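Reader: I'm new to this one. Please put it up, and then let's walk through it together.

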Amino acid sequence: RGPLETSINKVRRDAIFEVIAKKKKMKIATEIEAETDNTRVYKNTKEALNKYPNLRGIVILTGGILGAAKAIEEMKLIGTVQIVCFDYDDEVLNLIKKGIIYAAIGQDPFGQGHDPIITMYNYLVTGEKPNSITYTRTELVDKRSVAD
């Protein structure tokens, strides 16, 4: 994850910790602050996999997805250690197809750009006040849905 001073990192991290705390068969082995540098995430992933040989999952809250995927592939742990990440692009979609990444959580980037413009227009033209919080659509992309 990136630094917790960034609100999205803190929100995502706290949500992951909350969900995992409720799971009897899951626990967090370690937490690594690695920013979005693929080289640093690659190195940290390899170290974590060597230190925790029973590790079965990695959650990536920010960037560095390609670094973690490279470590999993290089260590021949595809299908053994599953990566779940936020956001995706063509490279991440290809890694899902290969089975290196288990799933990516998308946050509707089109909607994130589109909806604020519509909200601002409605406010300026009609005076309609926006809600204090606007939710975007969340989607999960995995091997079953990646072709869609």
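**Strands, helices and a core**

Reader: Which residue in S4 is the bridge partner of Ile105?

Author: First, a heads-up: this is a predicted model, where local features need pLDDT of at least 70 and side-chain atom pairs count only at pLDDT 80 or more, while totals for chains, interfaces and linings use all residues. Residues are numbered from 1 along each chain as its sequence is written, and side-chain values use heavy atoms, with hydrogens and water left out. Strands are DSSP runs of E, at least two residues, and helices are runs of H or I, at least four, numbered from the N terminus. In S4, Ile105 has as its bridge partner Leu140.

Reader: Do S3 and S4 run parallel or antiparallel?

Author: Two strands pair if DSSP finds at least two bridges between them. S3 and S4 have four bridges, and their sense is antiparallel.

Reader: And S2 with S3: what hand does the crossover through H4 have?

Author: Four bridges join S2 to S3, and these two run parallel. The chain goes from S2 through H4 to S3, a β-α-β crossover. With the strands pointing away from the viewer, a clockwise path from the first strand over the helix to the second counts as right-handed. This crossover is right-handed.

Reader: Why does Asp142 count as buried?

Author: Asp142 sits in strand S4 (residues 139-142). Buried means under 20% relative accessible area, with a 1.4 Å probe and protein chains only (exposed is over 50%, partly exposed in between). Asp142 counts as buried because its relative accessibility is 7%.

Reader: Which residue's side chain does Asp142 join in a polar contact of 2.5 Å?

Author: A polar contact is a pair of N or O atoms within 3.5 Å; within protein, one must be able to donate a hydrogen and the other to accept it, and residues adjacent in sequence count only if both atoms are side-chain atoms. At 2.5 Å, the side chain of Asp142 has such a contact with that of Arg144.

Reader: Which residues have the most contacts inside the largest nonpolar core?

Author: A nonpolar core is a set of buried Ala, Val, Leu, Ile, Met, Phe, Trp, Tyr and Cys residues joined through side-chain atoms within 4.5 Å. The largest one has 23 residues. Those with the most contacts inside this core are Ile72, Ile83, Ile96 and Ile101.

Reader: How far apart are the end C-alpha atoms of H5?

Author: The expected span is 1.5 Å times one less than the number of residues. H5 (residues 109-126) has 18 residues, so it should span 26 Å. The end C-alpha atoms agree, being apart by 26 Å.
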